[in-house]
Amino acid sequence: MKILAISGSLRPGSANTSLLHAAATLISEGIELTIYEGLANLPHFNPELDGEVPPISVNNWRKQLRESDGLIICTPEYAYGMPGVLKNALDWIVSSGELVGKPVAAISASPSEFGGANAHASLLLTLTALAANIVLGASLSVPFVSKKLNTKGELTDPDTAQLLRFVLDALVAAIKVQPDAAERLL
Ligand code: FNR
């Protein structure tokens with residue numbers, strides 16, 4: 001089973017990326033969790049570039065999505081919404097449909113008490129537009145995230161670790177009952 005993890009933050013010291021690294025250590029053995037590294041390389045979405053030969057970085061993004069059985073997206077909140085780079089990446093797959101029926105776990109994290117709830121809501125709205133399978137029980141907002149990581153970015157809060165485990169379990173369970181891509185397109 002392959003899970004692609006996408007952080008909405010480009011910062012090297014990102015709390016959201018740190019949570020995805022924590023998820024990689026918490027996930028059951030035998031499940032491959034890969035963090036997508038190409039968000040910053042995607043061009044600004046332009047429907048006119050989305051012809052028969054899309055940019056290489058877009059093709060690669062779509063390929064990695066197709067090859068994954070499920071996704072975890074972990075997003076910060078900027079100005080009450082998800083970061084533009086994440087929305088941009090999602091806009092590139094409106095026409096190509098890689099997320100149709102794909103199980104997705106949606107996480108937000110912020111140093112604030114609300115845990116990036118607005119970004120979480122905006123992410124869910126876009127995932128709905130993409131017809132993704134937003135997995136029940138695999139949604140989480142992490143408040144006060146900076147207090148839950150140490151200076152190396154390691155997750156030190158046991159409650160958040162437990163919540164992340166629940167999210168991962170729900171995602172994996174949803175993937176196991178998911179029809180494969182060919183069946184989804186019938
Ligand atoms: C923020 N931050 C923020 N946080 C929040 O909860 N709601 C918000 O609307 C915003 N807006 C915002 C705008 C800008 C320009 C910046 C730089 C920051 C704070 C943000 O959540 C915080 O920097 C996180 O740590 C970013 O996530 P990463 O990069 O640590 O994953």
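How many residues surround the ligand, and which are the closest? Here are some friendly notes to read beside the model.

1. **The ligand.** The ligand is surrounded by 15 residues, and the closest are Ser9, Ser14, Asn16, Pro76 and Ser110. A residue is near a molecule if its C-beta atom, placed from the backbone, lies within 6 Å of it. Seven residues of this shell are nonpolar, six are polar and two are charged. In this sorting, Ala, Val, Leu, Ile, Met, Phe, Trp, Tyr, Cys and Pro count as nonpolar, Asp, Glu, Lys and Arg as charged, and the others, Gly among them, as polar.

2. **Before you go on.** This is a predicted model, in which local features need pLDDT of at least 70 and side-chain atom pairs count only at pLDDT 80 or more, while totals for chains, interfaces and linings use all residues. Residues are numbered from 1 along each chain as its sequence is written.

3. **The fold.** The protein has six helices and five strands. Both are DSSP runs numbered from the N terminus: helices are H or I with at least four residues, strands are E with at least two. Along the sequence, the pattern reads β-α-β-α-β-α-β-α-β-α-α. The radius of gyration of the protein is 16 Å, close to the 16 Å that the globule rule gives for 186 residues, so the protein is as compact as a globular protein of that length. This radius is taken over C-alpha atoms, and the rule is 2.2 Å times the number of residues to the power 0.38. Along the principal axes, the C-alpha atoms fill a box of roughly 45 × 35 × 25 Å.

4. **Contacts along the chain.** Two residues are in contact if their C-beta atoms, placed from the backbone, lie within 7 Å. Of the contacts between residues at least 6 apart in sequence, 78% join residues at least 24 apart.

5. Buried residues make up 39% of the 186 residues. A residue is buried if 20 or more other C-beta atoms lie within 10 Å of its own, exposed if 12 or fewer, and partly exposed in between, with C-beta atoms placed from the backbone. In soluble globular proteins, nonpolar side chains tend to be buried together. Here the largest nonpolar core has 47 residues, and those with the most contacts inside it are Leu19, Ala23, Ile72, Ile73, Ala105, Ile107 and Leu171. Helix H5 (residues 158-176) gives the largest share of this core, seven residues. Such a core is a set of buried Ala, Val, Leu, Ile, Met, Phe, Trp, Tyr and Cys residues joined through C-beta atoms within 7 Å. Not counting residues up to four places away in sequence, Leu171 touches Gly70, Ile72, Pro103, Ala105, Val135 and Ala138.

6. **Two buried loop residues.** Ser68 lies in the loop between helix H2 (56-66) and strand S3 (70-75). Ser68 counts as buried because it has 23 C-beta neighbours inside 10 Å. Leaving aside neighbours within four places in sequence, Ser68 is in contact with Lys2, Ile3 and Leu4. Leu99 is found in the loop between H3 and strand S4 (103-109), and Leu99 is buried, with 20 other C-beta atoms within 10 Å. The C-alpha atoms of Leu99 and Leu130 are separated by 6.2 Å, although these residues are 31 apart along the chain.

7. Gly81 and Tyr80 are both found in the loop between S3 and H3. Is Tyr80 buried or exposed? Tyr80 is exposed, with 12 other C-beta atoms within 10 Å, whereas Gly81 is partly exposed, with 18. Beyond neighbours within four places in sequence, Gly81 is in contact with Asn118, Ala119 and Ser122.

8. **Positive phi.** Most residues other than glycine have a negative phi. Tyr80 has a positive phi of about 70° although it is not a glycine. Ala131 also has a positive phi, near 60°. Ala131 sits in the loop between helix H4 (117-129) and strand S5 (133-142), and Ala131 is partly exposed, with 14 other C-beta atoms within 10 Å.
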